[in-house]
Amino acid sequence: IKVLVLGATNCGGEKAVQPSTEVVKLLLSRAEGDGEMGEGWMHAVFTPEFVRKNPVAVKAYQERAAVLPTPPDILGLQVQAVSSFNTWDRLPQVTTPTWILHGERDVIVPPPNAFILRMRIPWAATLILPGLGHDFPAQDPLYSSWIMKGILHCDSWNL
């Protein structure tokens, strides 16, 4: 059985729930080349508690990003794509069984977006990951891989 897994995403357009003004400013500052992967960005990608309790993991994340940074022009294209796409009308055409994974504390793509997708995609299920932020695989790689293995090795699809 083929399975589609969507993580920390939305449908775009006017039906999508947008992040706060502060998070949008943070995203735009990174796209304009002003925003470093500093504390503000870490609090957007992860949860503030994770950043506070896991300084070694946060530093390693920042160091990995510094080795191969995303150029500002690419970040700008990403912001442009995110602000202009709209899949609302096409979502009912998705016929592949779909899992929608979303961090409960995602401030970049707010969690209500997972339920909007679930409402529009036939044969979809939503799994909200407790206590996790936007980059949930980096915040809790073991839990995220356990969830993914469970989804990919599932024999049945009972929604």
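The text below turns to the basis of the values, then the pocket, then the helix.

The model is predicted, with local features needing pLDDT of at least 70 and side-chain atom pairs counting only at pLDDT 80 or more, while totals for chains, interfaces and linings use all residues. Residues are numbered from 1 along each chain as its sequence is written, and side-chain values use heavy atoms, leaving out hydrogens and water.

The largest pocket holds about 1000 Å³ of space. A pocket is an open set of points on a 1 Å grid over the protein atoms alone where a 1.4 Å probe fits, with protein on both sides within 12 Å along at least five of seven lines; lining residues have an atom within 4 Å of a point. Its volume is the space filled by probe spheres set on the points. Of the 35 lining residues, Leu27, Arg30, Trp41, Leu75 and Gln78 lie nearest the centre.

H5 gives the most, six residues. The lining comprises 20 nonpolar, 13 polar and two charged residues.

Ser144, Ile147 and Ile151 of H8 are buried (under 20% relative accessible area, 1.4 Å probe, protein chains only). These buried residues fall within an arc of 65 degrees seen down the axis of H8, so they line one face of the helix. Leu142, Trp146, Lys149 and Leu152, on the other side of H8, are exposed (over 50%).

Definitions and conventions: Helices (H or I, at least four residues) and strands (E, at least two) are DSSP runs, numbered from the N terminus. Ala, Val, Leu, Ile, Met, Phe, Trp, Tyr, Cys and Pro count as nonpolar, Asp, Glu, Lys and Arg as charged, and the others, Gly among them, as polar. The arc is that of the directions from the helix axis to the C-beta atoms.
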